[in-house]
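Here's a quick briefing to read alongside the model.

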Amino acid sequence: MLAKLSPFFGRHYVSTGRMIGSTPVADAINRKLEAYFQPIHVEVLNESYMHNVPKGSETHFKVLVVSQKFEKLPLIQCHRLVNEVLSEELKNGVHALSIVAKTPDKWDTTFMTEKSPACRGGFGK
Amino acid sequence: MFKVARSIYQSVSHKSVLFYSTENSAVQGKLKELVNKNKVVVFMKGVPEQPMCGFSNAVCQILRMHGAPYEAHNVLEDESIRQGIKEYSDWPTIPQIYIGGEFVGGCDIMIQMHQSGDLIEELEKVGIKSKLVEEEGDTNKEKETK
C-alpha cells in the first residue's frame, strides 16, 4: 500500500503491502537518514515486492537523499556515507540498497526516482 | 577437570580464529589478484549470458553498450568470494565493478556514470575506447557529408 504523506518537501513513500506502522526496517532507515543527513528531501522505497522474497519482506530498498552533506563529495563517497549510516540494516537483513544521493542544487520537486531493475530470480536471497 | 576442559577449549578456539584469519587473508589475496588481472572486472550474481539479479544484469547491459570487454565472477558459486569481496572493497552489496584494479561502485554508480559520460572517460584511462564514442563520431561524419 502506497502511503503518500504530503505532496511537498519532506514527503516519503513507504510501500510494503502492510499496514502503515509495521515497517520497522523502513522506519529505522528513514529515521537514520533524517538524523544524519538533515535532508531537505528523503524517500525510502521498499522494493522487496519486486524480488523473489516472501510477501511483506523488508530486504530490498531504494533511498533518495537530498542533502548539503553531499556537497563536493565524489559520487562513490556519497554512497559510502549512506552505506555507513545504514550499516546496521545492511548487516541485518537488508539485502539490496539502491541509492540516489543529490545535493539541493541538483534536485527539484519534479524529480522522480526510477524503479530499480527487475529481479531475475536471484537465489532467494 | 574444569581447568583442563577450559584450556582445551581455549587452544581449540584460538586455533579456529587463527585458521579463519589465515583463510581470510588467502581470500583477500586472491581477490587482489583477480581485480588487477583485467582492465574491467565485475563481481556479479550469475554470468553475463544469464545474470541472476536485475542490478547485475544492468551492469552487463551497460558494459555491452560500451563494447567494453570484462572479466566476470559469479559470487553465487563461491560464498567465500561473495563475502570476501564485500570486505575487500568495504562495500556491502553486489554487483561490484573494478576498473584498472580500482573499485568504481555498484549498479547505481555505473548507471550514473554511463548517463553522465564519466564511464567513457574511466574506460579510456585503461585504454578501452567506448563503442558509443565511435558511434557518435560516425553520426557526426554522416551529418557533415550530407
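Let's start with one side-chain pair: A:Glu88 forms a salt bridge with A:Lys91, and their closest N and O atoms are 4.0 Å apart. A salt bridge here is a side-chain nitrogen of Lys or Arg within 4 Å of a carboxyl oxygen of Asp or Glu. Keep in mind that this is a predicted model, so local features need pLDDT of at least 70 and side-chain atom pairs count only at pLDDT 80 or more, while totals for chains, interfaces and linings use all residues. As for bookkeeping, residues are numbered from 1 along each chain as its sequence is written, chains are lettered from A and ligands numbered from 1 in the order in which they are written, and side-chain values use heavy atoms, with hydrogens and water left out.

**Salt bridges**

- Searching the whole structure turns up three salt bridges over all chains.
- A:Glu88 and A:Lys91 both sit in helix H3 of chain A, three residues apart, or about one turn of the helix. (Helices are DSSP runs of H or I with at least four residues, strands are runs of E with at least two, and both are numbered from the N terminus.)
- A:Glu88 is partly exposed at 40% relative accessibility, whereas A:Lys91 is exposed at 62%. (Buried means under 20% relative accessible area, exposed over 50%, and partly exposed in between, with a 1.4 Å probe and protein chains only.)
- A:Glu89 pairs with A:Lys32, with 2.9 Å between the closest N and O atoms. A:Glu89 is in helix H3 of chain A and A:Lys32 in helix H1 of chain A, so this pair ties together parts 57 residues apart in sequence.
- In that pair, A:Glu89 counts as buried at 11% relative accessibility, while A:Lys32 is partly exposed at 27%.
- Over in chain B, B:Glu122 and B:Lys125 meet in a salt bridge at 2.9 Å, N to O. Both belong to helix H5 of chain B, three residues apart; B:Glu122 is partly exposed at 23% and B:Lys125 exposed at 62%.

- Chain A has a mean pLDDT of 81, with 77% of its residues at 70 or more. (pLDDT is the predictor's confidence in each residue, from 0 to 100.)
- Residues 1–19 of chain A have pLDDT below 50, and beyond near neighbours in sequence this stretch has 45 contacts in the model. (Contact means heavy atoms within 4.5 Å.) Where pLDDT is low, the predicted coordinates should not be read in detail.
- Which residues of H1(A) are buried? They are A:Ala26, A:Ala28, A:Ile29, A:Asn30, A:Leu33 and A:Phe37, and their cover includes E1, strand E2 (60–66), H2 and helix H3 (87–91) of chain A.
- Just after H1(A), A:Gln38 takes a positive phi of about 40 degrees.

**Where the chains meet**

- 21 residues of chain A are in contact with 21 residues of chain B.
- The area buried between chain A and chain B is about 1,800 Å², with carbon and sulfur atoms giving 60% of it. (Buried area is the accessible area, with a 1.4 Å probe, that two parts lose on being put together, summed over both.)
- A:Arg80, A:Pro117 and A:Arg120 supply 31% of the area that chain A buries against chain B, more than any other three residues.
- There are zero salt bridges between chain A and chain B.

**Chain B: layout and helix H2**

- Chain B holds six helices and six strands, running α-β-β-β-α-β-α-β-β-α-α-α from the N terminus on.
- Buried residues make up 40% of the 146 residues in chain B.
- 10 of the 13 residues of H2(B) are buried, so the helix is largely enclosed by the rest of the structure. Among them are B:Phe55, B:Ile62 and B:His66.
- Just after H2(B), B:Gly67 takes a positive phi of about 70 degrees.

**B:Ser130**

- B:Ser130 lies in the loop between helix H5 (118–125) and helix H6 (131–145) of chain B, and is buried with a relative accessible area of 1%.
- Leaving out residues up to four places away in sequence, B:Ser130 touches B:His66 and B:Ile120.
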